[in-house]
Amino acid sequence: MRMLLALIVLTAPSVQDKKKAPAEPKVWMNKKGALLWEEAFAGDALSKDWYKGQGDWKVADGALRGAELPADKHHAYVQRKIESPDAVIQFSFKLEGAASWCGAFFDGKEHISALTLGADGFRIEKMTGIGPTTKRTDVDSTKMKLNDGAWHTVVWEFRGDEMVATVDDQAMVIAKAEGLTPERTKIELNTGGGPTALFKDMKVWKGEADDKWPQKRAQLLQLMKKKPAAVGYK
């Protein structure tokens, strides 16, 4: 369900505020700790910090462009290490093609969780296994038009067994999934199903505990009209 997250904590900007650079997207579950790394996708090639998995990947004009290769019989992906299992992951993306999707995995020795950004919405999933043993379980989803040719910004937060993701500070998915291991060590950007997806301005912070989160969570669940049990809360 699309919603205005700003109803909880934000007020309308003043005329003076509108002249300023856009504010950083909001975080909800965590406080931003140390900036672990950021990636501007400068130059004409991926930095050595990235592992190039499958697909066709190019860096140009400050963005990473990825496309699935039919011969791979696998979605396109690149991967990089993260030093903290509790994290705030932020990047901008653009979908090209009606059937395309993009997103991210947060992995350890096997797949752990997925954020999928599609033409008409986005979702977070719990994952297990790797390769042919991979299994997915949807934990929450919402609708939002994302294949409009515009850049969108996603913030994906992790803390323990909880996940929150927002797009453009307008729509949110939220869930608690038992069994999410804290051994999260790698972030994967991925895409498939269509011509291309673009990524830019990626940042990863260590996630610090916010003791106001239980109160904010209750407000958000009520605003989204979600029953806590339906998204993993008891």
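Is tryptophan 50 buried or exposed? In this predicted model, tryptophan 50 is buried, its relative accessible area being 8%. The chain has a mean pLDDT of 89, with 91% of its residues at 70 or more. Over residues 6-17, however, pLDDT stays under 50, and the model has 8 contacts beyond four places in sequence for this stretch.

The whole structure contains 6 aromatic pairs. In one of them, the ring centres of tryptophan 37 and tryptophan 50 are 5.8 Å apart and the planes stand at 80 degrees, so the pair is edge-to-face. Tryptophan 37 belongs to strand S1, whereas tryptophan 50 is in the loop between S1 and strand S2 (51-54); the two are 13 residues apart. Tryptophan 37 is also buried, with a relative accessible area of 7%. Together with Phe41, Trp37 and Trp50 make up one aromatic cluster. Arginine 80 lies over the face of tryptophan 37, 3.8 Å from the ring centre.

Phenylalanine 106 and phenylalanine 158 form another edge-to-face pair, at 5.0 Å centre to centre and with 85 degrees between the planes. Phenylalanine 106 is in strand S7 (residues 101-107) and phenylalanine 158 in strand S11 (residues 152-159), so this pair ties together parts 52 residues apart in sequence. Both phenylalanine 106 and phenylalanine 158 are buried.

Phenylalanine 158 also takes part in the surroundings of asparagine 30: its backbone oxygen lies 3.1 Å from a polar atom of the asparagine 30 side chain. Asparagine 30 is located in strand S1 (residues 30-39) and is buried, at a relative accessible area of 2%. Residues touched by asparagine 30 include Ala87, Val88, Glu157 and Asp210.

Technical notes. Residues numbered from 1 in each chain as written. Heavy atoms only, no water. Helix = DSSP H or I, 4+ residues; strand = E, 2+ residues; numbered from the N terminus. Buried < 20%, exposed > 50% of the residue type's maximum accessible area, 1.4 Å probe, protein only. Polar contact = N/O pair within 3.5 Å; in protein donor to acceptor, adjacent residues only side chain to side chain. Contact = heavy atoms within 4.5 Å. pLDDT = per-residue confidence, 0-100. Phe/Tyr/Trp six-rings, centres within 6.5 Å; stacked < 30°, edge-to-face > 60°. Lys NZ or Arg CZ within 6 Å of the ring centre and 35° of its normal.
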